[in-house]
Amino acid sequence: MRIKDITKEVKLEEAILMSMMASSNFLAKLRNSINQEYFTSSYGQEVCEWLFDYYDDHKKAPGQTLIKIFESKKDRFGREDANVIERLIHRMGELYDSE
(Lines give C-alpha, C1' and ligand atoms only; values in the text may rest on other atoms or scores of the structure.)
Protein backbone atom coordinates (compact mmCIF):
# COMPACT_ATOMS: atom_id res chain seq x y z
CA MET A 1 0.00 0.00 0.00
CA ARG A 2 1.37 3.42 -0.94
CA ILE A 3 1.69 6.32 1.49
CA LYS A 4 -1.03 8.26 -0.35
CA ASP A 5 -3.42 5.31 0.10
CA ILE A 6 -2.57 5.03 3.80
CA THR A 7 -3.17 8.76 4.29
CA LYS A 8 -6.60 8.49 2.65
CA GLU A 9 -7.45 5.49 4.82
CA VAL A 10 -6.43 7.29 8.03
CA LYS A 11 -8.44 10.39 7.06
CA LEU A 12 -11.48 8.21 6.36
CA GLU A 13 -11.12 6.46 9.73
CA GLU A 14 -10.79 9.79 11.51
CA ALA A 15 -13.87 11.14 9.73
CA ILE A 16 -15.84 8.08 10.84
CA LEU A 17 -14.63 8.43 14.43
CA MET A 18 -15.44 12.14 14.48
CA SER A 19 -18.94 11.41 13.18
CA MET A 20 -19.37 8.74 15.84
CA MET A 21 -18.32 11.26 18.52
CA ALA A 22 -20.78 13.87 17.30
CA SER A 23 -23.86 11.98 16.15
CA SER A 24 -25.89 9.68 18.37
CA ASN A 25 -27.85 8.55 15.32
CA PHE A 26 -24.69 7.66 13.38
CA LEU A 27 -23.15 5.92 16.39
CA ALA A 28 -26.33 3.91 17.01
CA LYS A 29 -26.35 2.69 13.40
CA LEU A 30 -22.71 1.64 13.52
CA ARG A 31 -22.82 0.10 17.01
CA ASN A 32 -23.92 -3.32 15.77
CA SER A 33 -22.65 -2.96 12.22
CA ILE A 34 -18.92 -2.56 12.63
CA ASN A 35 -16.21 -4.01 14.77
CA GLN A 36 -13.51 -1.82 16.31
CA GLU A 37 -10.94 -4.12 14.71
CA TYR A 38 -11.98 -2.71 11.31
CA PHE A 39 -9.92 0.36 12.16
CA THR A 40 -6.35 -0.12 11.04
CA SER A 41 -4.72 2.09 13.67
CA SER A 42 -4.43 1.09 17.30
CA TYR A 43 -5.68 4.52 18.38
CA GLY A 44 -8.70 4.18 16.06
CA GLN A 45 -9.56 0.85 17.63
CA GLU A 46 -9.21 2.30 21.12
CA VAL A 47 -11.32 5.39 20.44
CA CYS A 48 -13.96 3.23 18.77
CA GLU A 49 -14.11 1.07 21.89
CA TRP A 50 -14.59 4.17 24.08
CA LEU A 51 -17.36 5.39 21.80
CA PHE A 52 -19.15 2.05 21.89
CA ASP A 53 -18.76 1.76 25.67
CA TYR A 54 -20.13 5.27 26.14
CA TYR A 55 -23.03 4.58 23.81
CA ASP A 56 -23.83 1.30 25.59
CA ASP A 57 -23.99 3.14 28.93
CA HIS A 58 -25.71 6.38 27.85
CA LYS A 59 -27.46 5.62 24.52
CA LYS A 60 -25.98 8.75 22.96
CA ALA A 61 -22.76 10.01 21.40
CA PRO A 62 -20.25 11.40 23.89
CA GLY A 63 -19.48 14.65 22.10
CA GLN A 64 -17.09 16.72 24.21
CA THR A 65 -17.24 14.14 27.03
CA LEU A 66 -14.73 12.17 24.98
CA ILE A 67 -12.08 14.64 26.15
CA LYS A 68 -12.65 13.53 29.76
CA ILE A 69 -12.57 9.87 28.73
CA PHE A 70 -9.25 10.44 26.96
CA GLU A 71 -7.78 12.34 29.91
CA SER A 72 -8.60 9.44 32.23
CA LYS A 73 -6.93 6.89 29.92
CA LYS A 74 -4.10 8.71 28.18
CA ASP A 75 -1.37 7.28 30.42
CA ARG A 76 -1.97 3.87 28.84
CA PHE A 77 -0.60 5.06 25.49
CA GLY A 78 2.76 5.82 24.08
CA ARG A 79 3.42 9.49 23.44
CA GLU A 80 2.80 9.26 19.68
CA ASP A 81 -0.59 7.52 19.97
CA ALA A 82 -1.64 9.84 22.80
CA ASN A 83 -0.76 12.88 20.66
CA VAL A 84 -2.71 11.55 17.68
CA ILE A 85 -5.78 10.82 19.81
CA GLU A 86 -5.56 14.20 21.50
CA ARG A 87 -5.37 16.02 18.14
CA LEU A 88 -8.35 14.04 16.84
CA ILE A 89 -10.45 14.84 19.89
CA HIS A 90 -9.51 18.52 19.81
CA ARG A 91 -10.45 18.75 16.10
CA MET A 92 -13.79 17.31 17.14
CA GLY A 93 -14.09 19.96 19.85
CA GLU A 94 -13.39 22.67 17.28
CA LEU A 95 -16.33 21.41 15.22
CA TYR A 96 -18.57 21.78 18.28
CA ASP A 97 -17.27 25.30 18.88
CA SER A 98 -18.00 26.35 15.29
CA GLU A 99 -21.66 25.27 15.41
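The questions below set computed values against the definitions of the terms.

This is a predicted model, in which local features need pLDDT of at least 70, side-chain atom pairs count only at pLDDT 80 or more, and totals for chains, interfaces and linings use all residues. Residues are numbered from 1 along each chain as its sequence is written, and side-chain values use heavy atoms, with hydrogens and water left out.

Q: Why are H3 and H4 called oblique to each other?
A: The axes of helix H3 (residues 42-58) and helix H4 (residues 65-73) cross at roughly 120° and come within 11 Å. Axes are lines fitted to C-alpha atoms, for helices over the stretch in contact, and angles run from 0 to 180 degrees between N-to-C directions. Angles under 35 degrees count as roughly parallel, over 145 as roughly antiparallel, 65 to 115 as roughly perpendicular and the rest as oblique. H3 and H4 are therefore oblique.

Q: Which residues of H3 and H4 meet, and what are their classes?
A: From H3, Val47, Trp50, Leu51 and Tyr54 meet Thr65, Leu66, Ile69, Phe70 and Lys73 of H4; contact means heavy atoms within 4.5 Å. By class, seven nonpolar, one polar and one charged residues take part in the contact of H3 with H4. Ala, Val, Leu, Ile, Met, Phe, Trp, Tyr, Cys and Pro count as nonpolar, Asp, Glu, Lys and Arg as charged, and the others, Gly among them, as polar.

Q: Why is methionine 21 called buried?
A: Buried means under 20% relative accessible area, exposed over 50%, and partly exposed in between (1.4 Å probe, protein chains only). Methionine 21 has a relative accessible area of 0%, so it is buried. This residue lies in helix H1 (residues 3-22). Methionine 21 and glycine 63 are 42 residues apart in sequence, and 5.1 Å separates them in space, C-alpha to C-alpha.

Q: How do you know that lysine 59 is exposed?
A: The relative accessible area of lysine 59 is 55%, and lysine 59 is therefore exposed. Lysine 59 is found in the loop between H3 and H4. Its phi is positive, about 60°, although lysine 59 is not a glycine.

Q: What percentage of the chain is buried?
A: Of the 99 residues in the chain, buried residues make up 34%.

Notes:
Helix = DSSP H or I, 4+ residues; strand = E, 2+ residues; numbered from the N terminus.
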